[in-house]
Amino acid sequence: MTLAETFVKIITERPLKEALDPLRERLHNSGGPIEPKSEDIADLLGVLVASPAAFSLPDPDGSGNVAVKLFFLQQRARAGAVQAGQFRALFASVIDNESTDVDIWEAVFTIIESLDALSPPSSIAPTFKGTPVKPSSSRLGDSETRDIVEGELFFEIRDCTFRNVSGFWDRFFDSKRWRKEQKAMLQKLTTAHDGKKWTDFPNPSDEQPVWEWFRALERDYLVDARQKLHTTKTANQFKERKGQMDLFFQPARRKADEAFWYKHVLVVGEQKKSHDTSRFKADLLQITRHVRSVFADQPTRRFVHAFTLCASVMELWVFDRSGPYSSGPFDVHKEPDKFARALVGYATMDDDAMGLDMFIERKNGLRYITLDDANGGESRIRLTSPMMRQKAVVCRGTTCFMTRNRHVAKFSWASDKRELEFKQLKLAEERGVKGVAKAVAHRRITTIAELRKGLVFADRHRFRSDVVHLDDASASASTNSSSQKRKSSSDIALADDTSEPKRLRSNRNKSSLMQTVNKQLSINKRKPSLYSTGEDPWDNRIYVCLVVSPAGRVISDFESTKELLEAMRDAIRAHQSLYVTGNILHRDISSNNIVITKPETADGFKGMLIDLDLAKVANTGPSGARHRTGTMQFMAVEVLRQADHTYRHDLESFFYVLLWMCARESWSKPRLSRGDYPPKSSLLRKWEIGSFQDIADAKEGHMTVNSLERITKEFPEALDVVKPLCLRIRSILFGDTARLHFGTPTGEPCKLYQPVIAAFNEALDKIS
């Protein structure tokens, strides 16, 4: 082919010079006709890849530069996956002393245009027969804006919120079972009601007067309470994260300091001046945000009490890992007994009724757990430092501790529809899987069904916004545009509850509303929804503790480039063993589930896989669980778009973990950042905020060569050595044509595993 003048100019200004001389000499010395061998082709392509012209010459399909395309070809040549005949003309140009650089590059472009081997193998068509993924606020840091956090929290609770739960009062505030002191306190408190209203109740019910009224009740009637009321004056009074709470209970032994800790909060309260049904959703999200912080700092807590008081209308709530449910609203003046029972109950509840952790034994400042060991006996294990926690409400609530004997104790609320992780780990061990943690001991602690025993749940509460988003799998959980950030929490309340009195809606609106609901329900019958509720009204989760070995550091704690790449490579090897040898698909590759290990204690692996909560035996149907939460930053594009999960999607997740470690986590390592500062804004921000569709679209756009190069520019300079590795893995996973390939190749999985692992090995060779 004849090259354009612009190409010729680039080639002339960037000559190959003597770069090809060693290869020419070797080929001349071989004698006989030139029949390119795979190693010769790889060597020639390696020289061309490294040439200045290759990085300046644009790829004909517009997807990047020629260097990337040649790099991909070089790897295929090393694997013996190219046809030698297609390279004869190029080798003839190299050998011919009369040939110019332009002749050589013309031969290169002829190969690029004619070689159909650039596309990955045919792919399995995406399907949806797995467990739907549900978003989780776990992906959000403490620094996120309130609107963003509450937006994410809404998608956690919107299909698992219940009001007017029958049995609520008997379960948590049954005064008939109270102790003598509690009954006396209740009787005394009721004297503050004059038969029509609570005396001295502020009207209007502004924040400060209501707070002073509560304190007066506490002072006069709740003298010997176990828990005391507190309030915050500013959003900065809580340690670790911002949060201004109108009312909350903490242990009486805790003094009212200038600063508070969420780890001491027992009951969350929210007080409003007026009772406005249109604000229901906003008020609920406010207390949910505080509950999220309580769970984050009390990660082994079983459930959290909360309440709202809007003017004189009160509603009591309980949040557990399957969602919130309430007593239903009541007027404190018209039903004074309920208000009195609530106030005395919150002030005097014991640890069990308060939902605190009752499993971990605390003695002399130390913590112990008793589990069933692998030999059928019991083991008493001492917990030491906490390792990780999950910052969300409706989730598995995964929490890990190091143990004294250097194992890891993991607490988690797993779906009762799935095989417990203990069984998955034992199955992997029986099948000879390498590089995956081994189970040491375990115990089932309780279930959501046991915590909710005696309660009767009717239909879930339907927020008005369900009418709009009932089947919108890509509904945005983000409110991060500049205009949305300016909105107050009252603006969020436009989508309030549909339980407001019918007289407040016109018949026309009511008719339109029902038509929309019916239309959306009919759509749901045709298409799976990420938010479908399933047959059960709520998820029954099993609270389990599992001890695994060996212990390790999460991948984000890497201390050097070499340690990062070694751990990532060996974790991929572990995934290959789990899938190929064990026939088990992990399905939850994230930065929390890859650990850095010592090879002498981990079967020679420097990185291992943990957390098989979402794993399943390959080629089996859905588990029956309503949904699974995933880490959005690391989820594969097709999984975000509801394709059935395959091993290739997990490999894609490994790639996203690598990019995240380099572009985000590495800046916290002094040895790597070398005093420099990270970019003010990161492209990867788009991987953690927004809807499923938003994140999928962002990742798809970022996997082009040009966009990936922009991401690698966010790496510290010390990680420049990783950039070629990232480009190579991109080519292996997505192909090297303008159209990206996201499907899973047919045939042997090793066709993907081997080149990815080889790419890590070659990058490590350059570091060593």
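These legends describe several close-up views of a predicted model.

Local features are given where pLDDT is at least 70 and side-chain atom pairs where it is 80 or more, while totals for chains, interfaces and linings use all residues. Residues are numbered from 1 along each chain as its sequence is written, and side-chain values use heavy atoms, without hydrogens and water.

**View 1. The protein chain as a whole.**
The protein chain contains 28 helices and 23 strands. Helices (H or I, at least four residues) and strands (E, at least two) are DSSP runs, numbered from the N terminus. Of its 768 residues, 57% count as buried; buried means under 20% relative accessible area, exposed over 50%, and partly exposed in between, with a 1.4 Å probe and protein chains only. Among contacts with a separation of 6 or more, 72% join residues 24 or more positions apart. Contact here means heavy atoms within 4.5 Å.

**View 2. Helices H21 and H28.**
Helix H21 (residues 561-581) packs on helix H28 (residues 750-767) at an angle of about 160 degrees, and the axes are 10 Å apart. Axes are lines fitted to C-alpha atoms, for helices over the stretch in contact, and angles run from 0 to 180 degrees between N-to-C directions. The two helices are therefore roughly antiparallel; angles under 35 degrees count as roughly parallel, over 145 as roughly antiparallel, 65 to 115 as roughly perpendicular and the rest as oblique. The crossing of H21 and H28 is left-handed, a term used if the near helix is turned anticlockwise from the far one by less than a right angle, with right-handed used if clockwise. Residues of H21 in the contact include Leu565, Met568, Ile572 and Tyr579, and those of H28 include Tyr753, Ile757, Phe760 and Leu764. By class, the contact of H21 with H28 has 13 nonpolar, four polar and four charged residues. Ala, Val, Leu, Ile, Met, Phe, Trp, Tyr, Cys and Pro count as nonpolar, Asp, Glu, Lys and Arg as charged, and the others, Gly among them, as polar.

**View 3. Helices H3 and H6.**
Between helix H3 (residues 38-50) and helix H6 (residues 88-95) the packing angle is about 65 degrees, with the axes 12 Å apart. H3 passes H6 in a left-handed crossing. Asp40, Ile41 and Leu44 of H3 meet Leu90, Phe91 and Val94 of H6. This contact is made up of five nonpolar residues, no polar residues and one charged residue.

**View 4. The largest nonpolar core.**
The largest nonpolar core holds 92 residues, and Leu658 and Leu659 have the most contacts inside it. A nonpolar core is a set of buried Ala, Val, Leu, Ile, Met, Phe, Trp, Tyr and Cys residues joined through side-chain atoms within 4.5 Å. Helix H23 (residues 647-663) supplies the largest share of this core, 12 residues. Beyond its neighbours within four places in sequence, Leu659 has contacts that include Leu684, Trp687, Met703 and Phe715. Another core, of 63 residues, lies apart from this one, and Phe168, Tyr346, Phe401 and Phe457 are among its members.

**View 5. Surroundings of Ala439.**
Ala439 is in strand S15 (residues 438-447) and is buried, with a relative accessible area of 9%. Residues up to four places away in sequence aside, Ala439 touches Phe422, Leu425, Lys426, Leu546, Val547 and Val548. Its C-alpha atom is separated by 8.8 Å from that of Glu429, 10 residues apart along the chain.

**View 6. Surroundings of Leu222.**
Leu222 is in the loop between H11 and strand S3 (227-230), and at 1% relative accessibility Leu222 counts as buried. The C-alpha atoms of Leu222 and Met185 are separated by 6.5 Å, although the two are 37 residues apart along the chain.

**View 7. Two cis peptide bonds.**
Asn203 and Pro204 are joined by a cis peptide bond with omega about 5 degrees. Pro204 is in the loop between helix H10 (180-189) and helix H11 (207-221). The bond from Ser549 to Pro550 is also cis, with omega near 0 degrees, and Pro550 lies in the loop between strand S16 (541-549) and strand S17 (553-554).

Asn583, a residue other than glycine, has a positive phi near 60 degrees. Asn583 is in the loop between H21 and strand S18 (584-585) and is partly exposed at 30% relative accessibility. Phi of Arg587 is also positive, near 75 degrees. Arg587 is in the loop between S18 and strand S19 (594-596) and is buried at 4% relative accessibility.
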